[in-house]
Amino acid sequence: AALTKGSRWQVFGIALLITDLSTHAFVQGGAIDAAGGLTIAAEGPDAGDSSFTSTAVSGKKTSGGSIAVAGSFALAKIDALTSATIDGAGSFANRAVTVTARGSHKSTAKATAKQELGGDNGSAVGAGASVALTLVRDDIVAAVSAGAAPTGIGALILTAAGADDATTTTVGGSDGGTSAT
């Protein structure tokens, strides 16, 4: 469509990132006799190696006399489960058992909306608005499961570690004789 004097522009940017991650290591039942002990490990990526980004950008430079509106919405939603468990009724021959879970995620949501009006018409109107959300739920579990009945564990070491880094950035801008951000 051609932009004519007195016309109106609306430009919107939407970015959605929805991720559901699951890592599970377990031993269930059986007789295990591991010389030197047994390690059950569920390991997600190291810090910084698991990155997710959602970016929405909107904006338009319009000619004089126009009404211009820009809006951006960015969502980064991560649900992650990393678990290492002993389930059931296993036997471990009096050996050491180590249960380890590690998870790490980095997420970024960025929304940018900027309006720039051109021309010399002082009555032009511009508006820009941005919303960005980063939602992270990260469960990290190292455990003997409820109802499990392991026998013959010489030593039990449980370790669960995690780190999450969430960044949210919004940029809104407007230009014109009347403007709102």
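**Entry 1: a residue and its contacts.** Leaving aside neighbours within four places in sequence, which residues is I86 in contact with? I took contact to mean heavy atoms within 4.5 Å. With that setting, I86 is in contact with V27, I40, F92, V97, V99, A143, V144, S145, A148, P150, I153 and L156.

**Entry 2: ground rules.** I remind myself that this is a predicted model, so local features need pLDDT of at least 70 and side-chain atom pairs count only at pLDDT 80 or more, while totals for chains, interfaces and linings use all residues. Residues are numbered from 1 along each chain as its sequence is written, and side-chain values use heavy atoms, with hydrogens and water left out.

**Entry 3: the fold in outline.** I looked up the secondary structure, where helices (H or I, at least four residues) and strands (E, at least two) are DSSP runs, numbered from the N terminus. The chain has 8 strands and 0 helices. Along the sequence I read the pattern β-β-β-β-β-β-β-β. I also checked how far apart the partners in contacts sit: of the contacts with a separation of 6 or more, 85% are between residues 24 or more positions apart.

**Entry 4: inside and outside.** For burial I used relative accessible area: buried is under 20%, exposed is over 50%, and partly exposed is in between (1.4 Å probe, protein chains only). Of the 181 residues in the chain, 36% are buried. The accessible surface (Shrake-Rupley method, 1.4 Å probe; for residues, only the protein chains shown count as cover) comes to about 9200 Å² for the chain, and 52% of that belongs to carbon and sulfur atoms.

**Entry 5: the cores.** Next I went looking for nonpolar cores, meaning sets of buried Ala, Val, Leu, Ile, Met, Phe, Trp, Tyr and Cys residues joined through side-chain atoms within 4.5 Å. The largest has 13 residues, and I86 from my first entry is among those with the most contacts inside it, along with L38, I40, A84, F92, V97 and V99. The elements giving two or more residues to this core are β1 (8–28), β2 (38–43), β4 and β5 (91–117). Strand β5 provides the largest share, 4 residues. Apart from this core I found another, of 11 residues, including A15, A56, A74 and A80.

**Entry 6: salt bridges.** How many salt bridges does a search of the whole structure find? My criterion was a side-chain nitrogen of Lys or Arg within 4 Å of a carboxyl oxygen of Asp or Glu. The search finds 4. I followed one group of them:

- D79 pairs with K77, and their closest N and O atoms are 2.7 Å apart.
- R137 pairs with D79 at 3.9 Å between the closest N and O atoms. This pair links distant parts of the chain, with R137 in strand β6 (residues 125–144) and D79 in strand β4 (residues 67–87), 58 residues apart.
- R137 also pairs with D139, where the closest N and O atoms are 3.8 Å apart.

Together, K77, D79, R137 and D139 are linked in a network of salt bridges. D79 is buried, at a relative accessible area of 16%, whereas K77 is partly exposed at 28% and D139 is partly exposed at 36%.

**Entry 7: backbone angles.** Most residues other than glycine have a negative phi. A93 is in strand β5 and is partly exposed at 37% relative accessibility. N94 is found in strand β5 as well, and N94 is exposed at 60%.

**Entry 8: a surface patch.** I14, L16 and I18 form a nonpolar one, with about 360 Å² of accessible area together. L16 sits in strand β1 and counts as exposed at 55% relative accessibility.

**Entry 9: one last pair.** G172 lies in strand β7 (residues 151–173) and is partly exposed, at 34%. G172 and A127 are 45 residues apart in sequence, and their C-alpha atoms are 8.5 Å apart in space.

Conventions
Patches are made of residues with over 30% relative accessible area and no salt bridge: like charges are joined within 9 Å, nonpolar side chains (Val, Leu, Ile, Met, Phe, Trp, Tyr) within 5 Å.
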